[in-house]
Amino acid sequence: MDFNDVKKKYDDYVLSTYTRQDICLVRGEGVWVEDIEGRKYLDFFPGWAVSGTGHRHPRVVRRIKAQADEILHVSNNFYNTLQGELARKIISNSFPGKVFFSNSGAEANEGAIKLARRYGKGERFEIITMERSFHGRTLATLTATGQEKVKSGFRPLPEGFRHVPFNDIKAFASAVTEKTVAVMIELIQGEGGINVADREYIEELKRICGEKDILIIADEVQTGMGRTGEFFAFRHYGFEPDAMTLAKSLGGGMPIGALVVSERLKDVLPPGTHASTFGGSPIACAASLGVFEAIEEEGLIDNVKEMSAYLLEKLEALGKRKTIIGQIKGKGLMIGVEMLIEDASPVADECLKEGLLINCTQKKVLRIMPPITVTRKEIDEAVARLEKALERI
Ligand SMILES: *Cc1c(COP(=O)(O)O)cnc(C)c1O
């Protein structure tokens, strides 16, 4: 099979909802991927952060293989041996509470929205979200998303969502009404261009929400699992959210998401109120337990801190040589490099030609999120490739 055969089948049979690069990836290992023509790429944007512990992490692969010899799926009307253990791992690394398993980030956020609606008992139902946020592509989560481009053509949308500018506490305070039941927030906006919430902003937000009994839902679908140099981004802010959503790197490449709710909310969704057929299947939980094992046994959070400092140092040095580079922002290994040009997508395209996968978001921001297993040598190589790519801009 060559690339043209692959492409033709997509052209003939797959809905064209995505813009796609002309590359078919066939193999991955750690920070590297290989395409069908044998070209190798350094992957500094592994599947939108899904392969957060790198491609085919050995601990993830080992667990999947072992589980594949036992049972793949068990309905949630029975117990399986792994789901409870995975929930325990998530809780012991976040806050006291309980977990509902889904298959994706959008589905985890849908669960959070349903949780908030039930918490409001029909009297309060409004959820405040941020401009430039991203929460998913289902009808409710695209409504929550603070970007017009995901909503266009899909109206009428569900009621009860309001958007406010990020990091603007006055705007938040004035959007609160007697109907407000929750705020949903990415503590570091990913799609929105790597925008980091200010500490004082979150402190004030927490104060207002505490006074008015408004739930804080942290969307950690992209920031979770060590990405920002803490297990979860809320830890940078010294508070615990009422609920948190996870997906992306939670499964190390397998589809799994989670809605984590704090202890006091554990009875808001009683039996019969929410479900997902595939949620928390043994095969997905096995992979996720492999991710936890990798993070814990290999000291990956410390690696994120060290490699973050190193990568930022290299990028800042590069910024001194290349005037096209503006502000560098982010936390841990979730880094945005602002480009001082109208449209920075050609930079990502040139990086691709150099064998470096990165992303460009909000037109001007290069999004760099290598696997949290990344080494100094791999960072040296990536920054060298980025520099070469920039020479052609
Ligand atoms: C990717 C993402 C989602 C949606 O996750 P899916 O698995 O694509 O549904 C939600 N929130 C954030 C912050 C994301 O980055």
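Predicted model: local features only at pLDDT ≥ 70, side-chain atom pairs only at ≥ 80, totals over all residues.
**Notebook: ligand site, pockets and backbone**

Residues are numbered from 1 along each chain as its sequence is written, and side-chain values use heavy atoms, with hydrogens and water left out.

**Ligand shell**

I recorded two further contacts to oxygen atoms of the ligand. A backbone N or O atom of A106 lies 2.7 Å from a ligand oxygen, and an N or O atom in the side chain of K248 is 2.7 Å from a ligand oxygen. I then listed the surrounding residues: S104, G105, A106, N109, F134, H135, G136, E186, D219, V221, Q222 and K248 (near means a heavy atom within 4 Å). Helix α4 (residues 105-119) gives the largest share of this shell, three residues. By class, I find three nonpolar, six polar and three charged residues in the shell (Ala, Val, Leu, Ile, Met, Phe, Trp, Tyr, Cys and Pro are nonpolar, Asp, Glu, Lys and Arg charged, and the others, Gly among them, polar).

**Pocket and cavity**

I searched on a 1 Å grid over the protein atoms alone: a cavity is a set of points where a 1.4 Å probe fits but cannot get out, a pocket is an open set with protein on both sides within 12 Å along at least five of seven lines, and lining residues have an atom within 4 Å of a point. Points are joined across faces, edges and corners, and a volume is the space filled by probe spheres set on the points.

The second largest pocket holds about 1,000 Å³ of space. Of its 32 lining residues, Q83, V99, F100, F101 and L269 are the closest to its centre. I assign at least two lining residues each to α3 (83-92), β4 (97-102) and β12 (257-262). The lining comprises 15 nonpolar, 13 polar and four charged residues.

I find one cavity of 30 Å³ or more in the whole structure. The largest cavity has a volume of about 50 Å³, and F44, L311, L315, L356, I358, I368, A382, V383 and L386 line it. Two or more of these residues come from each of α9 (300-321) and α11 (376-391). The lining has nine nonpolar residues, no polar and no charged.

**Fold and backbone**

I count 11 helices and 17 strands in the chain (DSSP runs, H or I of at least four residues and E of at least two, numbered from the N terminus).

I checked two backbone entries. R155 and P156 are joined by a cis peptide bond, with omega about 5°; P156 sits in the loop between α5 (139-144) and β6 (161-164). A49 is not a glycine, yet has a positive phi of about 85°; its loop runs between β3 (40-43) and α2 (58-68).

Technical notes. Polar contact = N/O pair within 3.5 Å; in protein donor to acceptor, adjacent residues only side chain to side chain.
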